[in-house]
Amino acid sequence: MKQGILIFAQNNTTDNYVKQAYLCAMSGIHSGNKHFTLVTDHEVDAKTQLIFDKVIVLENDQAVDSEWKIENRWKAFDLSPYNETIVVDSDVLFLNKIDWAQFKDQTLYFTQNPITYRQEPINDTYYRKVFHQNALFNIYTGLYYFKKTKVVAQFFALLETVVTNWEDFYEIFCKDFKPKHCSIDVCTAIALELMEYDNFQEIDLIDFVHMKLHAQNWVDTSEKWQEKVDWYFNEGLKIGNHKQHGVFHYTEKDFCDKILSRYEECIG
C-alpha cells in the first residue's frame, strides 16, 4: 500500500494504549482516512483487528520492562507496510482527511509547532526544559512522516543506536535537565542532531493540537483540561467555543472512554 498511518500501542500497568489506538483509527476512518496499522505486543480482539489494515505483533519486544513502552519505536521504518507513513501517538484523534499531496517534497518530516485548542502557538517550556536548555531540536514524535528512502533508513538505524544506548547519549547531549528515562522525543532529537537534519518548518503541514495542561497558556492551574473547559462532540469536536481540526492530542487518558462510544456509533 502506498500511504497509511502507523500506531505503536503497548499496554502498561495503568494505561490501555491499544484501546486508544482503536479510537484513533476509528476517528481517522470517520474523517475519510483509509489505512491504519497497529504495532503491539499481544494479539487483539476481533473488533480491534477489524479496524486496522494490519496488526503487527512484535517478535522481539524491547519494551518488556518499560512503563513508557517506547523502546520499539525505532522499528517504524521496517514495520510499516506503506511507502509513505504517518506515525502518531495512540492518544490522538484525526479530525480531518489527510492531504498526502502536501508531503510530496518531504522525506522525513516532524511536527515542530503544536498549537493550543484555541489555535495559538503553545508555551512548551514547562514540559520541554531539556530541549530548550540543551538546544535540542524541538520536534514532536506525536506526529511525523517518512518515505521509505535510503537516507530515512539511515536515520532509523541511527535512532536504534540512540534508543539502545540512551543513557550514554544523554550524558553528552542532555547535561541540563537530563531525563531519568528513555524519551522517544529526546532520542529522536539527538539522532536528528547527529545526521544534521535541517528541515525546519515555521508552520506545520498538519495542525497538531496539544492538550497538555500547562501548554495551553493558562494561568497556573492544577486542574485537568476537561475540568477547565467544556467539550462537545456533534458535527466535529469543539473545545469551549473552538471547533478543532487537524490532529488532536488529547493526552488525558480518560477522554478516550468518554468519546469512544460516540465514534463507534458514527462508523457503525
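Which helices and strands do the buried residues of helix 7 pack against? They pack against strand 6, helix 4 (129–133), strand 7, helix 5 (150–164) and helix 6 (166–173).

This is a predicted model, in which local features need pLDDT of at least 70, side-chain atom pairs count only at pLDDT 80 or more, and totals for chains, interfaces and linings use all residues. Residues are numbered from 1 along each chain as its sequence is written, and side-chain values use heavy atoms, with hydrogens and water left out.

**Helix 7**

Helices (H or I, at least four residues) and strands (E, at least two) are DSSP runs, numbered from the N terminus. Nine of the eleven residues of helix 7 are buried, so this helix is largely enclosed by the rest of the structure. Buried means under 20% relative accessible area, exposed means over 50%, and partly exposed lies in between (1.4 Å probe, protein chains only). Among the buried residues are Ile 184, Val 186, Cys 187 and Leu 192.

Asp 185 also belongs to helix 7 (residues 184–194). Its contacts, meaning heavy atoms within 4.5 Å, include Arg 128, Phe 131 and Tyr 140, not counting residues up to four places away in sequence.

Ser 222 sits elsewhere, in the loop between strand 8 (208–210) and helix 8 (225–228). The C-alpha atoms of Ser 222 and Ile 56 are separated by 38 Å, and the two are 166 residues apart along the chain.

| Residue | Relative accessible area | Class |
|---|---|---|
| Asp 185 | 15% | buried |
| Ser 222 | 75% | exposed |

Six strands form an open sheet with mixed pairing, in the order 3-2-1-4-7-6. Strand 3 (54–57) and strand 6 (108–111) stand at the edges; each has a single partner strand, so one side of each lacks a neighbour in the sheet. The twist averages 20 degrees from one strand to the next. Two strands pair if DSSP finds at least two bridges between them.

Strand 1 (residues 3–8) and strand 4 (residues 84–88) run parallel, joined by five bridges. Gly 4 has Thr 85 in strand 4 as its bridge partner. Helix 1 packs on the sheet and touches strand 1, strand 2 (36–40) and strand 4. The direction of helix 1 makes about 175 degrees with that of strand 2. Axes are lines fitted to C-alpha atoms, for helices over the stretch in contact, and angles run from 0 to 180 degrees between N-to-C directions.

Strand 6 and strand 7 run antiparallel, with four bridges between them. Phe 110 stands opposite Tyr 144 in strand 7. Both faces of strand 6 are covered: Leu 108 and Phe 110 on one side, and Tyr 109 and Thr 111 on the other, are all buried. Helix 7 lies across strand 6 and strand 7 (140–147), at about 45 degrees to strand 7.

**Helix 1 and helix 9**

How do helix 1 and helix 9 cross, and at what angle? The axes of helix 1 (residues 17–30) and helix 9 (residues 254–267) come within 10 Å and cross at roughly 40 degrees. The two helices are therefore oblique to each other. Angles under 35 degrees count as roughly parallel, over 145 as roughly antiparallel, 65 to 115 as roughly perpendicular and the rest as oblique. Residues of helix 1 including Tyr 22, Leu 23 and Met 26 meet residues of helix 9 including Ile 259, Leu 260 and Tyr 263.
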